[in-house]
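This report covers a helix contact and the disulfides of the structure shown below.

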Number of protein chains: 2
Amino acid sequence: MKNFIAAALLAALSSHGGAARAQEPIAVREIGSLHIGGRIATVEGLEPREIIFSPGAPPMRMNPNGQFRVEQMYAQYVRLQNPRARYPLLLWHGGGLTGVTYETTPDGRPGWQMFFLRQGHDVFTSDAMERGRSGWARFPEILAGEPVFRTMGEGWGLFRVGPQDGWNANPAQRRAFDNTRFPVAAWDQFMAQAVPRWVTTDRQIQAAYDAYVQAACPCVIVVHSQGGNFAFNAALNAPDKVRAIVAIEPSGAPPATADAARVRGIPHLVVWGDHIEGNAFWRGVRTNVTRWQEQIRAAGGTAETLDLPAAGIAGSSHMMMMDTNSDEVAGRIQAWIAARGLMR
Amino acid sequence: MKNFIAAALLAALSSHGGAARAQEPIAVREIGSLHIGGRIATVEGLEPREIIFSPGAPPMRMNPNGQFRVEQMYAQYVRLQNPRARYPLLLWHGGGLTGVTYETTPDGRPGWQMFFLRQGHDVFTSDAMERGRSGWARFPEILAGEPVFRTMGEGWGLFRVGPQDGWNANPAQRRAFDNTRFPVAAWDQFMAQAVPRWVTTDRQIQAAYDAYVQAACPCVIVVHSQGGNFAFNAALNAPDKVRAIVAIEPSGAPPATADAARVRGIPHLVVWGDHIEGNAFWRGVRTNVTRWQEQIRAAGGTAETLDLPAAGIAGSSHMMMMDTNSDEVAGRIQAWIAARGLMR
């Protein structure tokens, strides 16, 4: 299996790699990035550390106090020469991951970033505050509490690739759902994309996303999992800036007290994969998100649902942007965006 | 100043942004990424933690033990439809930073990633093991010691934007060199790119870079600062894979005992900016790197130097890929690469 993955990744790297070669090139105006939001924090009163800066060298005293740039977030953009979409498309990732979620799949196929570029969108990817290229700050002094690290197996059941008890450290012993679309042979490669996360920093993550919306929008947001609630709230915080939200299995939603009338003008689509009914966590999440969709509709807004099994696509995992039929699912999303009048 | 920076960044983001618009689009075959190297580590014997997963929720017991994917590195590539360069160009960053070093400059101009794409190179950017999108592992259990966080002011002198004592928390009070090319008004924005680093992980960083070279090369490597010694060693470890190294102010070099004959076939260019003579740290670094260049030449190889002040370009900082004349410096590097016969 390892060889299979290595071969697929090297094929993707090779200038003879088939997938991309079969298609037309995309005319890119600019690729760039920026860091958004955040603040300057001061750390005081910590004891100097003895740090060995290179192996064998004597320890040096280092003062850990001072001013630090913290709580910003990173966004990267690919601008087309002639975008067909009316607004940039922002791809927001889920918990314990980064914008890499939307890049090449763990088994080496082009991801949703490339799919939506080929559909004519200026595509932005980003890393939530504290993750990936956004950087992270000293804890607990600046980021309260401590980070959480995802084990190799936690996601197997949580992301509904297989039953909760289907995980095994030995790839040959793992039990996936018979109809899973996740490229199971690439699971260990997928886990290389995981990054630590805090569970105490929602306020700072939201603040950075809100600053990002001010900088990059008007826009359409495609958001995954933990990112869902940040996007729903970003729309509530700047309803004039968000033109549509496509939420891929959002793991949260605003409270019933939130004013859904504020997002009445923003069409919402929520996408669900397979095997949710058999998973208590996801049943509960879905109930909460459905309640928010009903609030939006009750306020006169649009909040639709794409239930992939009901739509004839079985076996989709929580990581449907990495599933073997990732482009098919993206195609359904693109059709919904186009039907909202968001393409030229 | 803040407004100036915000305006520049928004201009870069805007579809009416001038810089990119004035130029021809680039024909891109594929944008993608992968994680390379690393291993699966097991953490055992830690006490369960009480974690509050969302504000106000009761604490949940979390078991921090298990298997984790660690020590991989992240690389992102932009493949041109018709590259003019014979080999991909790999851009390696320096200490406490990530591949963002080569993206849009802190004051909103296209960076070296775009420059070398426009020159016809397939361009790879990457984040060293433990930094940015590579993710990081629990410490001290997996990554020994503790991370180091860079203060707002540490780089002002170290990167030779101004004198060591020229730093001030108040931007209006900072003293830069009269001739500095660094966009000083964007310093605080630049600091948003900083990420924590360990000083105990050179072995794992080198191992990931070596795996990266096996996956992405034959190639040409442009490397900055702390990355320099990793690139020099990557060439020693895989001399058949590296076609040239351009080292931008490398902060280290292999020991005198290293066998320079192994890299005899790999042309090396070392680039130095301004104000080195007045900085004891950089004088020492340069002496060490010059010794390695002499060893390469003594072994019959090519190890040239581009001293920018001597070449008529004054005021270059350590972050010359962000300086206001960044494209001029990149042009000198491109000319050297072309003169080595590395363009078609």
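## Packing of H6(A) and H7(A)

In this predicted model, H6(A) and H7(A) lie oblique to each other. Helix H6 of chain A spans residues 202–216 and helix H7 of chain A spans residues 227–237; the two pack at an angle of about 55°, and their axes are 10 Å apart. Their crossing is right-handed.

On the H6(A) side, the contact is made by A:Asp202, A:Ile205, A:Gln206, A:Tyr209, A:Asp210 and A:Val213. These meet A:Asn229, A:Phe230, A:Asn233, A:Ala234 and A:Asn237 of H7(A). By class, the residues of this contact divide into 5 nonpolar, 4 polar and 2 charged.

A disulfide is a covalent bond between the sulfur atoms of two cysteines. Over all chains, the count comes to 2 disulfides.

In chain A, the bond joins A:Cys217 to A:Cys219, with an S to S distance of 2.1 Å. The torsion about this S-S bond is about 65°, so the disulfide of A:Cys217 and A:Cys219 is right-handed. A:Cys217 has 8% relative accessibility and therefore counts as buried. A:Cys219 is also buried, with a relative accessible area of 0%.

## Disulfide in chain B

In chain B, a disulfide links B:Cys217 and B:Cys219, with an S to S distance of 2.1 Å. The S-S torsion of B:Cys217 and B:Cys219 is about 65°, so this disulfide is right-handed. Both B:Cys217 and B:Cys219 are buried.

Key. Residues numbered from 1 in each chain as written. Chains lettered and ligands numbered in written order. Predicted model: local features only at pLDDT ≥ 70, side-chain atom pairs only at ≥ 80, totals over all residues. Heavy atoms only, no water. Axes fitted to C-alpha atoms, helices over the stretch in contact; angles between N-to-C directions. Helix = DSSP H or I, 4+ residues; strand = E, 2+ residues; numbered from the N terminus. Parallel < 35°, antiparallel > 145°, perpendicular 65-115°, else oblique. Left-handed = near helix turned anticlockwise from the far one by under 90°. Contact = heavy atoms within 4.5 Å. Nonpolar A, V, L, I, M, F, W, Y, C, P; charged D, E, K, R; others polar. Disulfide = S-S within 2.5 Å. Buried < 20%, exposed > 50% of the residue type's maximum accessible area, 1.4 Å probe, protein only.
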